[in-house]
Amino acid sequence: MRLDAVTAALGLAFAGLLAANTRPAPALAAPAASAPDQPTSTPANRAPAQIAPAEVAPTEVATSGVAGRLDGVHLWTLPDTPNGLHPTQSWHATGSAPNGDLYVAGMDHRTNAALYRLPAGSDTLRLAGDARSASEAAGNWKPGETAEKFHTRPLWFGGKVYVGTMDRSNLDDGYRDRRGFHLYAYDPATARFTDLSAAEPGGTGLPHGSLVTLAGDPARNVIYGAVVPTAEIVRYDVAAGTTASLGRPAAYDRPFVYTGRFMFTDARGRLYFSAGNPLTGPAHDPAIYGHLYSYDPHQGMVARPDFALQAPRALEVGRCLPARGLCYAADDKGYLYRFTEAAAGTPETWTALGRVTLDWTASFFWMFQVAPDGRTAYAAVTSYVPGTGPSSLYEVDLATGAATRLCSLADLDPRLERLNVHTGSDAWDDQGRFAFASFAGDGSSEVVLTRVDPVRLKAALARH
């Protein structure tokens, strides 16, 4: 089944991209060069069983960006890499470190993906590394191999930042024609970007399949990943450098399932995740996909009907605030949820907060930045409907889900007027500023990273 055609019967030509969550919408012009669904050659997934991970320091690539139209706004265009990657997309690929460093990934959805770092207190965005260069340095890049995306949100874990490759988005068995995912780590202390999978048998985390989501469990020193198209969960043991498949919930009623783009762990290390989306039909049974699932080593995978979803839609965006014992999450239609940690004999709770109503009903909620205080968030939507105009920036009250429009994104900078896709969550620096990525859904633009100081922006808007 091709995901970019799932919703054609509904007459929503713009929605093809959602089905893969990375494919250009069929109603828009395709990029000048697009990757085939299968590589021209299918290299065998074979490599020496224990190759030491190689590290590569990228050639210095940096940009200082430009100030936005309003105070408190700064923008950067993701620069090309020395080996020729020209980023045109950035899917859910923003993140941050505890010290305030910001990270963003850029990709061309055809050949390669790269990670960029914006150090705390700096206006200079730098290339941290790219998939192909790191894997070539490790002797772990096969002829004809590609890394279409770093779709995972950059995960800060144990002093490093982790990303994984997603080389195919469709929910069908074509994934078996590609190598499995590579997991990479960037060490800001040494500025080294490493292909960790080079040390695993076959040189990949799994023989086949892509990573779309990451979440860490510090207590066990493991990183969980969610896999496309099978929706299985994998566990990477950081100390051992090994990946194990944990399978998937037995209740899933189809071989290929839309996999949630946000999952999280609680204070006990229990993983919470979701799957399913109505646009990837056939119909999703709410008894199966209308709630979260959890995993821990003692109980295995458990259905959590007490963690109900307002629709059978996997979680897309979110942020956890461990110091506050909270996580906020939303699906691609703006249905908002709050997770509260167990405390003093009180069990953990999951609360539906309603739906954030934004610009257009025919839109997707892919940019959601929860503020560190856990009281507000900032959001913008994506639309593929011609003529809708630029999206707006909203401030969301997390107690009620009520959204207040602040301004058009085009007010931040004229370039944002022609960019219709806006993505990112959990990307805040140490000065109370958030960042998100924007690009054209037809693959015709560069990727623009926008950093916003909401206090200064609101003051500037009040003066106008």
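Reader: How many cavities of 30 Å³ or more does a search of the whole structure find?

Author: Five. Bear in mind that this is a predicted model.

Reader: How much space lies in the largest cavity?

Author: About 130 Å³.

Reader: Which residues lie nearest its centre?

Author: His 92, Arg 153, Thr 213, Arg 261 and Phe 262. The lining of the largest cavity has 14 residues.

Reader: And by class, what is that lining of the largest cavity made of?

Author: Five residues are nonpolar, six are polar and three are charged.

Reader: Which elements each supply at least two residues of that lining?

Author: E13, E21 and strand E29, which spans 421–425. E13 gives the largest share, three residues.

Reader: Now the pockets. How much space lies in the largest one?

Author: The largest pocket holds about 890 Å³. Its lining has 39 residues.

Reader: Which of those lie nearest the centre of the largest pocket?

Author: Arg 153, Trp 156, Cys 320, Pro 322 and Asp 426. Arg 153 is also among the residues nearest the centre of the largest cavity.

Reader: Which elements give two or more residues to the pocket lining?

Author: They are strands: E9 (155–157), E13 (210–217), E17 (264–265), E21 (315–321) and E22 (326–331). E13 and E21 also each supply at least two residues of the largest cavity's lining.

Reader: How many nonpolar, polar and charged residues has the pocket lining?

Author: There are 21 nonpolar, eight polar and ten charged residues.

Reader: Step back to the fold. How many helices and strands does the chain have?

Author: Five helices and 31 strands.

Reader: What share of the chain is buried?

Author: Of its 464 residues, 60% are buried. The chain exposes about 16,300 Å², and carbon and sulfur atoms supply 52% of that.

Reader: And what share of the contacts join residues at least 24 apart?

Author: That share is 58%, among contacts between residues at least 6 apart in sequence.

Reader: On to the packing. How many residues are in the largest nonpolar core?

Author: It has 41. Leu 115, Leu 125, Phe 150, Tyr 184 and Phe 193 have the most contacts inside it. Several elements each supply at least two of its residues, including strand E7 (113–118), strand E8 (125–130), helix H2 (131–137) and strand E11 (183–187).

Reader: What lies apart from it?

Author: Another core, of 24 residues. Tyr 175, Tyr 252, Phe 273 and Ile 288 are among them. In soluble globular proteins, nonpolar side chains tend to be buried together.

Reader: Let's zoom in. Where is Tyr 394 found?

Author: In strand E27, residues 392–397.

Reader: Why does Tyr 394 count as buried?

Author: Because its relative accessible area is 10%, and buried means under 20%.

Reader: What is Tyr 394 in contact with, leaving aside neighbours within four places in sequence?

Author: Its contacts include Leu 358, Asp 359, Ala 377, Tyr 378 and Arg 405. Ala 377 is 17 residues away along the chain, with 8.2 Å between the C-alpha atoms of Ala 377 and Tyr 394.

Reader: Glu 145 next. Is Glu 145 buried or exposed?

Author: Buried, also because of a relative accessible area of 10%. Glu 145 sits in the loop between H2 and E9.

Reader: What does Glu 145 touch, not counting residues up to four places away in sequence?

Author: Asn 140, Arg 179 and His 182. Arg 179 is 34 residues from Glu 145 in sequence, and their C-alpha atoms are 7.8 Å apart.

Conventions:
Residues are numbered from 1 along each chain as its sequence is written. This is a predicted model: local features need pLDDT of at least 70, side-chain atom pairs count only at pLDDT 80 or more; totals for chains, interfaces and linings use all residues. Side-chain values use heavy atoms; hydrogens and water are left out. On a 1 Å grid over the protein atoms alone, a cavity is a set of points where a 1.4 Å probe fits but cannot get out, and a pocket is an open set with protein on both sides within 12 Å along at least five of seven lines; lining residues have an atom within 4 Å of a point. Grid points are joined across faces, edges and corners, and a volume is the space filled by probe spheres set on the points. Helices (H or I, at least four residues) and strands (E, at least two) are DSSP runs, numbered from the N terminus. Ala, Val, Leu, Ile, Met, Phe, Trp, Tyr, Cys and Pro count as nonpolar, Asp, Glu, Lys and Arg as charged, and the others, Gly among them, as polar. Buried means under 20% relative accessible area, exposed over 50%, partly exposed in between (1.4 Å probe, protein chains only). Contact means heavy atoms within 4.5 Å. Accessible areas come from the Shrake-Rupley method with a 1.4 Å probe; for residues, only the protein chains shown count as cover. A nonpolar core is a set of buried Ala, Val, Leu, Ile, Met, Phe, Trp, Tyr and Cys residues joined through side-chain atoms within 4.5 Å.
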